[in-house]
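Please read it alongside the sequence and the structure shown here.

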Amino acid sequence: MGTSSIGRDPIMEDNEIIQFMRNDEQPVLTAKEIAANFDVTSAAVNKRLNSLKDDGVVVTKRVGSAAVVWWPQTDSDEKTRSSPESVNQ
């Protein structure tokens, strides 16, 4: 295939992942569900989603002992995660 294990997989762009998440009927998705759409591994998607989470683009929640769901960041997510200082002002 010619891609290295370092860096981002060119098969899926960040904006394509976010667009897929926004267009899906379900409000949250697992990495496995996203991976199936792009025909890549769940590990590759998890790596990308964690990077997007660090950038504040997606939100995640553990919903079981090993289950994690993801959804695109919204304005209400940011307000919910605001610091107590900003909420009290």
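Which residue in E2 does threonine 60 stand opposite? Threonine 60 stands opposite tryptophan 70. The model is a predicted one, in which local features need pLDDT of at least 70 and side-chain atom pairs count only at pLDDT 80 or more, while totals for chains, interfaces and linings use all residues. Residues are numbered from 1 along each chain as its sequence is written, and side-chain values use heavy atoms, with hydrogens and water left out.

**Strands**

E1 and E2 pair in the antiparallel sense over 5 bridges; strands count as paired if DSSP finds at least two bridges between them. A hairpin of 5 residues joins E1 to E2. Helices (H or I, at least four residues) and strands (E, at least two) are DSSP runs numbered from the N terminus.

**Helix H2**

Helix H2 spans residues 31–38, and Ala31, Ile34, Ala35 and Phe38 are buried in it. These residues lie on the same side of H2, because they cover an arc of only 100 degrees around the axis. The arc is that of the directions from the helix axis to the C-beta atoms. Buried means under 20% relative accessible area, exposed over 50%, and partly exposed in between (1.4 Å probe, protein chains only). Lys32 and Ala36 are exposed, on the face of H2 turned away from its buried side. The cover over the buried residues of H2 includes helix H1 (14–23), helix H3 (42–54) and strand E2 (68–72).

Aspartate 39 follows H2 and has a positive phi, near 55 degrees. It sits in the loop between H2 and H3. Aspartate 39 is exposed, with a relative accessible area of 69%.

**Helix H3**

H3 has 13 residues and reaches 18 Å from its first C-alpha to its last, close to the 18 Å expected at 1.5 Å a residue. The expected span is 1.5 Å times one less than the number of residues. Val45, Arg48, Leu49 and Leu52 are the buried residues named for H3. Seen down the axis, the buried residues of H3 fall within an arc of 100 degrees, so they line one face of the helix. Ala43, Lys47 and Asp54 are exposed on the other side of H3. The buried residues of H3 pack against H1, H2, strand E1 (58–62) and E2. Just after H3, glycine 56 takes a positive phi of about 80 degrees.

**Core and leucine 49**

The largest nonpolar core has 16 residues, and Ile17, Met21, Ile34, Phe38, Val45 and Leu49 have the most contacts inside it. H1, H2 and H3 are the elements that give two or more residues to this core. A nonpolar core is a set of buried Ala, Val, Leu, Ile, Met, Phe, Trp, Tyr and Cys residues joined through side-chain atoms within 4.5 Å.

Leucine 49 lies in helix H3 and is buried, with a relative accessible area of 0%. Leaving aside neighbours within four places in sequence, leucine 49 is in contact (heavy atoms within 4.5 Å) with Ile17, Met21, Ala31, Ile34, Val58 and Trp70.

| Pair | Apart in sequence | C-alpha to C-alpha |
|---|---|---|
| Leucine 49 and isoleucine 34 | 15 residues | 10.0 Å |
| Aspartate 39 and methionine 12 | 27 residues | 9.4 Å |
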